[in-house]
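Dear colleague,

Please find the structure below, handed over for your study.

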Amino acid sequence: MPYRIAKTLTIESGHLLTKHRGRCRFPHGHSRTVEVVIAADQLDANDMVCDFKALKHALNEFLDRWDHAFCLNTADPQFAFFQQTYAERVIPFVATDPTSEVMARTIFDTLQRTLQEQAQDPTREYPIPTGVRLERVRVTETATSWAEYSA
Ligand SMILES: Nc1nc2c(c(=O)[nH]1)N=C([C@H](O)[C@H](O)COP(=O)(O)OP(=O)(O)OP(=O)(O)O)CN2
């Protein structure tokens, strides 16, 4: 697929890593940059892979829930407490730590489903053309660390 576009969003989120030996097992936060790349063989009627706004809307539908939220392994002994206390601002990661790798995979799988659904609806203000392919999702955790998940 010769054409490729990317969109980047930033979210503020907290987490802790139950399996980490160091400080990352304690609650802490990150300004996370999420970069998604989609590809296409040909351009649409607007001479685009797809409108950047379409990509932003598709990503935001899901990622807004992670903004100013706390990502937590459901196996954490404190999970029930956090969920009762902070309700929808606690994002459950089922029996897995919310590492950058797991976040990248979760975002990839969810965005792929969203793009497929929205490509069936040409009446959207910013439609997703059929034939576009989600190539990769990169989650940047700190100034020096990122993880990527790709097709
Ligand atoms: N492969 C992964 N390793 C680590 C993850 C992760 O998601 N995937 N996450 C963490 C912690 O969340 C930590 O906050 C970030 O790690 P790190 O880059 O080590 O952060 P530092 O600011 O301490 O980096 P320095 O370069 O050492 O200052 C840990 N590992």
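**Confidence and conventions**

The protein has an average pLDDT (the predictor's confidence in each residue, from 0 to 100) of 96, and 100% of the residues score at least 70. For the complex, the predictor gives an ipTM of 0.94 and a pTM of 0.95. As this is a predicted model, local features need pLDDT of at least 70 and side-chain atom pairs count only at pLDDT 80 or more, while totals for chains, interfaces and linings use all residues. Residues are numbered from 1 along each chain as its sequence is written.

**Strands**

Helices (H or I, at least four residues) and strands (E, at least two) are DSSP runs, numbered from the N terminus. Two strands pair if DSSP finds at least two bridges between them. Strand β1 (residues 3-15) pairs with strand β3 (residues 69-73) in the parallel sense, over three bridges. One of the residues involved is G14, whose bridge partner in β3 is F70. Strand β3 also runs parallel to strand β4 (residues 90-93), joined by four bridges. Here F70 stands opposite V90 in β4. Between β3 and β4 the chain passes through helix α2 (residues 79-86), a β-α-β crossover that is right-handed: with the strands pointing away from the viewer, the path from the first strand over the helix to the second runs clockwise.

**Ligand**

Which residues surround the ligand? They are L17, C24, H28, T99, S100, E101, E141, T142, T144, S145 and A147, where near means that the C-beta atom, placed from the backbone, lies within 6 Å. At least two residues of this shell come from each of α3 (100-118), β5 (133-142) and β6 (145-150). The shell comprises three nonpolar, six polar and two charged residues; Ala, Val, Leu, Ile, Met, Phe, Trp, Tyr, Cys and Pro count as nonpolar, Asp, Glu, Lys and Arg as charged, and the others, Gly among them, as polar.
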